[in-house]
Each structure stands twice: as structure tokens, then as C-alpha cells.
Amino acid sequence: MQNALAEEYRRLSRDTTTHQPLAYLRLRRAIRNVIQHRDIEPGQTLPSERDLSQVLGLSRVTVRKAISGLVEEGLLTQRHGAGTFVAERIIKPMSRLTSFTEDLRARGLHPRSEFFERSVGEVTPEESMALNLSPGMLVARLHRVRYAEDEPLAIERSVVPASVLPDPHEVHDSLYEALEKYNCRPVRALQRLRAVLLGARQARLLHVSAGSAGLHIERRGFLDDGRVVEFTTSWYRGDIYDFVAELQTD
């Protein structure tokens with residue numbers, strides 16, 4: 001893995017089309033790329049800071065800064081006295097608003113969706129309250145199972161104003177990518193999480209036993225002007241996903 005990482009770092013250094021002048025950002029991208037290319041697998045150890053600094057000709061401060069950014073993203077984990085590892089569980093930082101698709105791609109996984117519904121209909125009372133829409137307005141609805149490769153990770157129901165997303169069939173994997181085409185990608189979101197036991201149907205769709213631990217998440221996504229453009233309800237497998245938040249004192 002060390003040779004693959006050194007080669008990728010040098011390739012990025014030579015690539016004038018995507019050249020990043022800051023060495024720690026270049027190294028961060030190189031580590032992300034070798035994970036995406038599966039040159040290192042989940043659970044495997046990253047070379048030590050000392051080894052990387054020697055091989056790449058970088059200071060240990062630069063190497064540490066590159067790695068710490070990927071730890072914050074959840075792509076890497078650190079165990080005191082044991083080293084730095086590629087995360088086995090999917091760690092979702094709650095400080096950054098990223099899509100399911102972006103999170104998996106950053107970990108070298110192939111995201112895909114199995115849709116049960118992609119339709120347009122009149123807003124329900126619950127949806128009307130969540131999206132601040134008047135009764136009778138139209139919304140696009142998406143109901144699907146989200147996969148990493150062939151492993152189901154989450155069940156997701158998303159509702160978006162039809163004025164923002166007139167055709168839900170434009171969504172293939174990433175809802176946010178579809179919204180970005182209309183300059184309506186959320187810039188902030190409010191999320192509510194709670195622990196649940198997965199019901200029989202949810203467990204069957206997620207390939208776990210009924211009564212398994214899960215996470216129920218409600219999210220509302222907002223534009224700069226305060227409009228709500230997304231109301232998503234999800235059920236995540238508790239055996240794979242960790243949601244992490246950084247807390248600070250005032």
C-alpha cells in the first residue's frame with residue numbers, strides 16, 4: 001500500500017490539471033484515491049507518519065495534518081498505540097452536509113439505489129408542515145433502499161417540492177446531485193436521530209434480523225434563503241453506521 005500511495009502522491013504532484021500546491025491536501029487526496037481504488041481495504045493499517053514522511057519527503061506535521069482531515073471525515077480511524085486504520089464501519093460526521101453517495105464514494109464503495117417509488121403527487125399534511133408548503137401543492141417522492149456494492153445500508157424516503165424537482169426520475173443515485181443541477185442543493189440541514197428496533201419489513205430489506213438495532217433519522221434541508229427543499233426520513237442499519245459530532249465549549 002505504501003508504494004501505491006507514494007506513486008499516487010507523485011502522480012498528483014505532476015498532474016498540472018488538478019495540481020494542489022498545498023502538500024497536505026495533495027497527500028489527503030492521494031490517500032483517498034488509493035482507498036477508492038481498493039489498494040488498501042477497510043480495517044487495514046495505514047503506514048506510520050514517520051514512514052510516510054520519509055518515503056514522500058514530507059514533514060511529519062504535513063503528514064499528520066493530511067491524516068487528521070481524513071479522520072474528521074470518517075474515512076480513517078485512529079486507535080491509541082495501534083495506529084491509523086481505514087474505517088470498517090461507515091462513520092458519518094454530522095458537522096458536514098454531504099450526501100449518502102458522496103460518503104460512499106469517498107470510501108471507495110459503489111453506491112446504488114433500488115427504487116420502490118419515484119412519483120409526483122399532492123402534498124400530505126405532514127409533508128406540508130415539514131416543507132412549509134401550502135395544501136394542494138405538488139411534491140416529488142422518492143422511496144428506495146440505499147446500497148454499498150450489494151450490501152443494503154439504509155431505507156430512505158425523500159420528499160422535495162415539485163417546483164424544485166419536477167421529475168423524480170432525474171434522481172439515479174444522488175438526490176443532491178440532481179438538486180445541484182437546479183442550483184437547489186441544500187446548504188444546511190436540521191437532523192433528528194433516535195435509536196429504533198427495525199421492524200420485520202425493514203429488517204428484511206436491510207438483510208438483518210427483525211428487532212435489530214437501527215437509527216431513525218429525519219432531515220430537513222434548507223437553501224440560503226431559508227426555503228426547505230428536502231424532507232428525508234431514513235432507517236439505517238445500526239451494525240454498520242456511526243454518526244459522529246464534534247462538541248466544543250463556547
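## From a buried threonine to the helix pairs

Thr-84 has its place in strand β2, which covers residues 83-86; strands here are DSSP runs of E with at least two residues, helices are runs of H or I with at least four, and both are numbered from the N terminus. The model is a predicted one, in which local features need pLDDT of at least 70 and side-chain atom pairs count only at pLDDT 80 or more, while totals for chains, interfaces and linings use all residues. Residues are numbered from 1 along each chain as its sequence is written, and side-chain values use heavy atoms, with hydrogens and water left out.

With a relative accessibility of 10%, Thr-84 counts as buried, a class that means under 20% relative accessible area, as against over 50% for exposed and partly exposed in between, with a 1.4 Å probe and protein chains only. Once neighbours within four places in sequence are set aside, Thr-84 is in contact with Gln-44, Thr-45, Leu-46, Ile-67, Leu-76, Thr-77 and Gln-78, where contact means heavy atoms within 4.5 Å. With one of these residues, Gln-78, the side chain of Thr-84 also makes a side-chain to side-chain polar contact at 3.3 Å; such a contact is a pair of N or O atoms within 3.5 Å, of which, within protein, one must be able to donate a hydrogen and the other to accept it, and residues adjacent in sequence count only if both atoms are side-chain atoms. Ser-68 stands 16 residues from Thr-84 in sequence, and the C-alpha atoms of the two are 9.9 Å apart in space.

Ile-67, a contact of Thr-84, also takes part in the packing of helix α4 against helix α2. The axes of α2 and α4 (residues 60-73) lie 8 Å apart at an angle of about 50°, axes being lines fitted to C-alpha atoms, for helices over the stretch in contact, and angles running from 0 to 180 degrees between N-to-C directions. The two helices, α2 and α4, are therefore oblique to each other, given that angles under 35 degrees count as roughly parallel, over 145 as roughly antiparallel, 65 to 115 as roughly perpendicular and the rest as oblique. The residues in the contact of α2 with α4 comprise eight nonpolar, two polar and four charged; Ala, Val, Leu, Ile, Met, Phe, Trp, Tyr, Cys and Pro count as nonpolar, Asp, Glu, Lys and Arg as charged, and the others, Gly among them, as polar.

Helix α2 (residues 23-36) also holds Asn-33, which is buried at a relative accessible area of 12%. Not counting residues up to four places away in sequence, Asn-33 touches Glu-8, Arg-11 and Leu-12, and the side chain of Asn-33 makes a polar contact of 2.7 Å with the side chain of Glu-8.

The axes of helix α1 (residues 2-14) and helix α3 (residues 49-56) come within 10 Å and cross at roughly 45°, which makes α1 oblique to α3. Here Gln-2, Leu-5, Ala-6, Tyr-9 and Arg-10 of α1 meet Asp-51, Leu-52, Val-55 and Leu-56 of α3.

The contacts of His-216, leaving aside neighbours within four places in sequence, are Arg-192, Leu-193, Arg-194, Val-196, Thr-233, Ser-234 and Trp-235.

For the chain as a whole, the secondary structure comes to eight helices and ten strands, and 48% of the 250 residues count as buried.
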